[in-house]
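Trainee: I would like to learn how to read strand pairing here. Please take me through it.

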Amino acid sequence: MTIIRPPAIAGTFYPAAPDVLRSEIDGLIHAAVESQTGNDTPIPKAIIVPHAGLMFSGAIAGLGFATVRALKGTVKRIVIIGPAHRMAFQGIAIAKADGFATPLGDVRCDLAGLQAALAWPQVQVLDEAHAHEHGLEIELPFIQRLFGEDADIGIVPLLVSRCSARQVHEVIEALWGGPETLIVISSDLSHFHDYDTAKRIDDNTRVMIERFDAESITSGDACGALPIAGMLMSARKRGMRIRTLGMCNSGDVTGDKSRVVGYGAWAVYAGSKDMREDEKTSKSSGGFVGMTEKLLADHGAEMIDLARQSIWHGITHGGPLRIDPASVSPALLAPGACFVTLKKSGQLRGCIGSVMAHRDLATDLCENAFKAGFGDPRFPALRQDELNDDLELSISVLSPPRDFPFENEADLIAKLTPDEDGIILSDGNHRGLFLPQVWEQLPDPADFVAQLKRKAGLSTDHWSDRMRAQRFVTRGISGKDISPRDFWQQPTPMS
């Protein structure tokens, strides 16, 4: 028996009458084509488009879909990924359906693509999540009119809820394919701010997207933050380029600027070798992840050596290593914040760090390495006989923390991204911090929050209207990455 998922938003988000719908979609695409300049723009591999009702965001969505019109006759599979709005669940959901219907007819599902997605543990069949969802369906009439209502094109509709951006990235990688596959990311931008605030937030989101700064985008920036971030990781890995096609918000459409929703469209293209070099330079000069990954690639060994020397200095002199700026790479003299973690036989042995950059990174890591070894009140000071291959040292460099808004505890738990989010939770004078590495021990978001409250000196069931959260991400390096054995051989002191 053939299973077709029926339209859920025909007559509300878009016209239910087929002829009216055709006319409206064709007009939006035609207007987008007319607004484009130049005919030598390459065809995108992926687009980001909004998913509000056509009257609100249709013109912006048209800008995205117009860039892929040349794929007609080539594209055979369209992977559509968006956030789940109607219910929360763990992971990514597909529907048990052979096709999705709109007033223009049925769009078949690419069953091979769905099976490839289901091979990943974070993907499940969950019809309820798709039953009333608008974020994927709103894109289907564009696909039908652009490529043909009877075109032999299969879709892979994926709804994302509670998971990490990296888990979304893994599924995108499995479905990336070649010229026959188009990736469509469905997402609006900020929600329910006044006009000027929304413009400021959305412009910052534009900058993050253009810099491929996947790890910094949160649900406060875009409801589809996880799909966007997962796709950006894949594009960044391939040295691709991205172009902003257009942005606006609902205040531009309705005139009511008191409480608006933001919309934007982007196209992601393959880059030439020269373009990829330009992108590497661009990413290294903007965006925490790009800058930090380059810093660790270029200077990670030096950073680890400074931390190791500072711990030895604590053993022999009772204090942290004082660096000579002339002997340290200039990149490490820029302001930075880090945590230094020590583990003995896999168990925590000390962890101290800075949340905000208040001194140069080299000094910060030397001070924190010493304190992790000798100043963590949870553990006794390190002894020299503990400096052996069972003692692992690692450094985590922190992004600046950003406010992480939520409505209540359930909303906070739902918005967390396991394996990516570092969180600072506070209530008055009570404050606790978990690095993203804590997800390895506490993979359940509810448990993560409960234990973070305990670390802040609160009961696990505590809640109040004063509760606040900030989010940060990290990039790090371990001593085992540099020297798997004999790491703690006493180094030659710095002059």
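Trainee: Which residue of β18 is the bridge partner of Ile424?

Mentor: Strands of a sheet pair through backbone hydrogen bonds, either parallel or antiparallel. In this predicted model, Ile424 has Leu433 as its bridge partner in β18. Strands here are DSSP runs (E, at least two residues) and helices are runs of H or I (at least four), numbered from the N terminus; two strands pair if DSSP finds at least two bridges between them.

Trainee: How many bridges join β17 to β18?

Mentor: Five, with β17 (residues 422-427) and β18 (residues 430-434) running antiparallel. Their hairpin has two residues between the strands, and Gly428 takes a positive phi near 65°.

Mentor: On conventions, residues are numbered from 1 along each chain as its sequence is written, and side-chain values use heavy atoms, with hydrogens and water left out. The model is predicted, so local features need pLDDT of at least 70 and side-chain atom pairs count only at pLDDT 80 or more, while totals for chains, interfaces and linings use all residues.

Trainee: In what order do the strands of the open sheet lie?

Mentor: The four strands follow the order β14-β13-β15-β20, with antiparallel pairing. β14 (347-353) and β20 (474-478) are the edge strands, each pairing on one side only. From one strand to the next, the twist averages 20°; axes are lines fitted to C-alpha atoms, for helices over the stretch in contact (heavy atoms within 4.5 Å), and angles between N-to-C directions run from 0 to 180 degrees. Seven bridges pair β13 (residues 338-344) with β15 (residues 391-398), where Phe339 partners Ser396 of β15.

Trainee: Which strands does helix α12 lie across?

Mentor: Helix α12 (residues 361-374) lies across β13 and β14, at about 30° to β13.
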